[in-house]
Structure formats: structure tokens, C-alpha cells
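Work through the exercises below with the sequence and the model open. Each task is followed by a solution in steps.

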Amino acid sequence: MEKFNVGVLGIGDISDVYLSNLKKYDIVNVVACASRGIEKAKKKASQHNIPKAYASAAELIADPEIDIVLNLTTPAAHAELNIAALKAGKHVYTEKPLAATLEEGKIIMALAKEKGLYVGSAPDTFLGGRLQTCRKLIDDGVIGDVIGVSAFVVSHGHEWFHPNPDYFYKQGAGPIMDIGPYYISAILSLIGPIKTVSAMSKRSFDIRTIESEPRKGQTFEVEVDTHITANMEFANGAIGTIIASFDVWDSELPRIEIYGTKGTICIDDIDPVDGPNLFGGKVLLRTRENYRWTSLPRKKPYSDWIDVPVEHQFNSTSHAENSRGIGLVEMAYAIRGKRQERASGEMALHSLEVMEGILKSAKEKAYCDIKSTFTRPEPLPVDFPKSE
Ligand SMILES: NC(=O)c1ccc[n+]([C@@H]2O[C@H](COP(=O)([O-])OP(=O)(O)OC[C@H]3O[C@@H](n4cnc5c(N)ncnc54)[C@H](O)[C@@H]3O)[C@@H](O)[C@H]2O)c1
């Protein structure tokens, strides 16, 4: 069986879960990691039994043994390193976003096409049990034709848990670019391409204070808008709304609702307390048969919705133990089978255009047409990777 050697760039907060998960799959073999400095790279390499440690991204990218570069650096570095890896003839799987700007994203995808290389991109949470169950409900016609979608991704930011939260408030991040990709890729994978967006946005706090260790009490400047409300029109005629915010002191809104002619699917924020940025969780369904007419008394929230059994794997509801990296594993199978990968660069580029379009629309106070499109990823077989 053809196997792929993986080199990992950027070994910060998110790297351990990737490195632990990739060990479970024979098709990939992590052979090297790189940081900005050899000591950190050596430490990570010894922690995960990785044979080689490099002091810079350039050294890792030059390693002829590496087939796929896994880019886990911060968003501002994504484009430069994705381009360098492609130029060196490596396939790329990158953390989100694909690039900090649409222009950079286009360069990455054009280069990959020219070189005949694969580019895959996180988020891969839409391959998880929760969203694959939603996908099956839609594909099986359980909610009829999709009419619309609502998504609510609201919190008071990342300075509560992340050791270095500054980058979440810089260009290329913010609630739309940082956490929005989970919601937008979930929605795209379920409903398909978007053709127009419109939005309004604001920045409620110019300065944020770090609440987490080790930099507790330090402050930093906010460079991006942090409260955004947007509308989306899909190619299939559905319309949707997304509210993305780092300025909100909690909310009881569900994370995603998908409205169809015959029913509603809900991804709530109760069990687990989070949305499509996790792989698993409840899928709630309401149809004509169990519709609650408004004059009937409201019971405990969701108590009379159908709790749809989740039969797909990759269904963890934990932030720490999740299936991150499954998109890369699936891409390795796609390279081997010479077929389209599911967590595709094509979908990530469309997602980037949608996110940039939302921010542009808010700035210019005008509708923004989305020019790119993508092929909706095939559902992930329940027994992946046995079936692909
Ligand atoms: N932390 C999370 O909860 C989380 C969750 C999902 C996705 N992500 C995504 O994962 C990526 C990494 O996030 P993180 O939280 O691990 O960040 P982090 O700041 O903890 O780690 C990033 C690492 O990249 C390294 N790096 C940056 N530029 C580099 C360069 N030019 N060459 C080599 N190394 C470089 C940094 O030294 C650091 O070790 C981001 O794209 C983020 O959006 C993070």
C-alpha cells in the first residue's frame, strides 16, 4: 500500500491532537516537524517519536523524504508556507484559513493545479459524526428541500483559554475568519455553494485583556471587526444568516439550524456545549409530525424534538480529544485513489471568498457576489477508511 510521509510545520497549541491522531492511520507517517528554533522542534519530536526535527520551515520543506506538508502555523504564515511547500513539489494540508486573503488563496490553488498537487484544508469537522448525520438526513430527503439556514457563533473571544490569543484579533482571524470556517464549511458541505452575501459589522472593543495564563493581565489592540451579522444566498436558492461575534456575553441561541420544506435540523449548544467546531454531538430533528404549534405550551427546550441517533464515527464531543487530522488522512486516500479529496482546497477557497465577501460587504455596505464554486464533498462512508 502506498504510504505518505508527512512533515509538520508549526507545533503550537493544536499540534498534539494532530500528532496523536495521525499515529492511528497506516497511510500516513509523520517523519519530521519544524518550529522557529530547534529546541522546541526537538522536544515535540521526542514527545511524539518523530524521527527528524528542523529549526525552520524552509529546512523541512526542502526534505526530499516528505510527501505532504501539514501546515499548523498561525494564519498569517499559511499562504507563504503553503506556496513554498507546493513549489517544492509537496502536497499540502493546511489548518484554516487556507490563506489570510482570497488573492493568496487563489495563488495557492492555481499553483497546486499547475503542479498536479493536492491541497486540503481544515476544518475537517464536517466529516465528523454530527454533521455527517445531518448530511444523511438532507440526502435522504427527511427535511425536504433546504429553504434556509441560521448559524450563531458567538462568545466573548479566545483570551479566556488560549495562551497567545492576540492572533485571533489580527488580519486573517477575527470571528468570521477564525471560528467562522467551521460554520461556513459545515453549511457549504450540507447546502452547497453560496452565490451572494451581504453583511454589517462592528468592533465593540478596541483593546482586549488576556485572562489566561501565562500572560494574564496583558492587553493588546484589536485589528478586525468582532461582531458581524451576514446573509447568504445559495446557488440552490436557499438563503441563510450567520452571526459571528467575539463580543457577546453568552447566548441561548442554537449553533446551526437548517430549515427544509418538511422539517428542521438543529445543532444545539446544550449537549455538547459547542457547535460544529466539535466532531460529535446531538442532532435534533423536528418535522410536520412532531411540529409544535405556537399556542401549545413550550416544554423544556428541545425535549420534544427527535434526538437522531448518530451512527457515523468521529463523534467525540471533547475539545481536547477530537478527530482533527481526519481530513488529511482522507486526502492521503484521495491521492492514492487519484480522486477529489473531501476537505478540499477548492471548498476552502470558496469559504475564504465567502468570508472575505462578508467583510467586504460590511465595509462597503453593498451586496457581494461570490465568483468561485466547488464540488460538494461526497458523504464520508460510515466505515471509513475501509470504504473510502
Ligand atoms: N488552538 C486551537 O484551539 C485551534 C483549533 C483549531 C484550529 N486552530 C488553527 O491551527 C493553527 C495553529 O493554531 P495554534 O493555536 O496551534 O497556534 P500557536 O500560536 O499555538 O502555534 C502556532 C505555531 O506556528 C509556529 N509558526 C508560526 N509561523 C511560523 C513559521 N513561519 N515557520 C515555522 N513555524 C511557525 C509558531 O512558532 C507556533 O509554534 C491556526 O491556523 C489556527 O487557526 C487552532
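**Exercise 1. Positive phi**

Where is D250 found?

Solution. D250 is found in the loop between β12 and β13. Helices (H or I, at least four residues) and strands (E, at least two) are DSSP runs, numbered from the N terminus. This is a predicted model, in which local features need pLDDT of at least 70 and side-chain atom pairs count only at pLDDT 80 or more, while totals for chains, interfaces and linings use all residues. Residues are numbered from 1 along each chain as its sequence is written, and side-chain values use heavy atoms, with hydrogens and water left out.

Next, take the backbone. Most residues other than glycine have a negative phi, and most peptide bonds are trans. Phi of D250 is positive, near 75 degrees. Then take the surface: D250 counts as exposed at 62% relative accessibility. Buried means under 20% relative accessible area, exposed over 50%, and partly exposed in between (1.4 Å probe, protein chains only).

K365 sits in the loop between α9 and β17. With a relative accessible area of 75%, K365 is exposed.

**Exercise 2. A helix pair**

Describe how α7 and α9 cross, and list the residues in contact.

Solution. Start with the axes, which are lines fitted to C-alpha atoms, for helices over the stretch in contact; angles run from 0 to 180 degrees between N-to-C directions. The axes of helix α7 (residues 174-191) and helix α9 (residues 345-364) come within 10 Å and cross at roughly 120 degrees. That makes α7 oblique to α9. Angles under 35 degrees count as roughly parallel, over 145 as roughly antiparallel, 65 to 115 as roughly perpendicular and the rest as oblique.

Now the residues. From α7, I176, M177, P181, I184, S185, L188 and S189 meet M347, H350, S351, L352, V354, M355, E356, I358 and L359 in α9. Sorted by type, the residues of this contact are 11 nonpolar, 4 polar and 1 charged. Here Ala, Val, Leu, Ile, Met, Phe, Trp, Tyr, Cys and Pro count as nonpolar, Asp, Glu, Lys and Arg as charged, and the others, Gly among them, as polar. Contact means heavy atoms within 4.5 Å.

**Exercise 3. Salt bridges**

How many salt bridges does the structure hold?

Solution. The structure holds 22 salt bridges. The criterion is a side-chain nitrogen of Lys or Arg within 4 Å of a carboxyl oxygen of Asp or Glu.

- K52 and D63: the side chains meet at 2.7 Å, N to O. K52 lies in strand β3 (residues 52-54) and D63 in the loop between α3 (57-61) and β4 (68-71), so the pair ties together parts that are 11 residues apart in sequence. K52 is partly exposed at 25%, whereas D63 is buried at 5%.
- R376 and D139: the N to O distance is 3.6 Å. This pair links distant parts of the chain, 237 residues apart, with R376 in the segment after β17 (368-369) and D139 in helix α6 (residues 129-139). R376 is partly exposed at 29%, and D139 is partly exposed at 38%.
- D269 and R255: the N to O distance is 3.6 Å. D269 lies in the loop between β14 (263-267) and β15 (283-287) and R255 in the loop between β12 (239-245) and β13 (256-260), so the bridge ties together parts 14 residues apart in sequence. D269 is buried at 19%, and R255 is buried at 4%.
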